[in-house]
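Here is a short briefing for a first look. Please keep the view open while you read.

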Amino acid sequence: EAKEKAVNEHFKLQIQDLRNQQEANQRQEDELNKFKAEATLEMAKLVAKYVEEELLDNEDSEEGTENVEALERSKAFDSSSSTALMSVSELYDTILWSVATSQLG
């Protein structure tokens, strides 16, 4: 009977040890899942930040391109305006010169 009791106690200890191992494994699995979820969330935050920065850079780049294009249009307009003014000035000078030489002549 003592031997049977010892075997029974030993069996109960093995069962308790297995339960403790299962609980430890479950805790480890829960911690691992929590770690994976946190890592995924952190990655998502980094991707969102990168995408936001990329969008801001693209907006800045587009704004810069628009500013350059506006400056180029302004230069072209100023250039054509000054050419037109010069042509009018040259025409005026030519008319004055013609009038002056015809009156002298």
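The points below cover the fold, then the surface. This is a predicted model, where local features need pLDDT of at least 70, side-chain atom pairs count only at pLDDT 80 or more, and totals for chains use all residues. Residues are numbered from 1 along each chain, and side-chain values use heavy atoms, without hydrogens and water.

**Fold**
- The protein chain has 1 helix and 0 strands (DSSP runs of at least four residues for helices, at least two for strands).
- Helix 1 covers residues 2-104.

- Of the chain's 105 residues, 0% count as buried (under 20% relative accessible area).
- The accessible surface is about 9900 Å², with 58% belonging to carbon and sulfur atoms (Shrake-Rupley method, 1.4 Å probe).
- Glu53, in helix 1, counts as partly exposed because its relative accessibility is 39% (between 20% and 50%).

- Leu55 lies in helix 1.

Terms used
Buried < 20%, exposed > 50% of the residue type's maximum accessible area, 1.4 Å probe, protein only.
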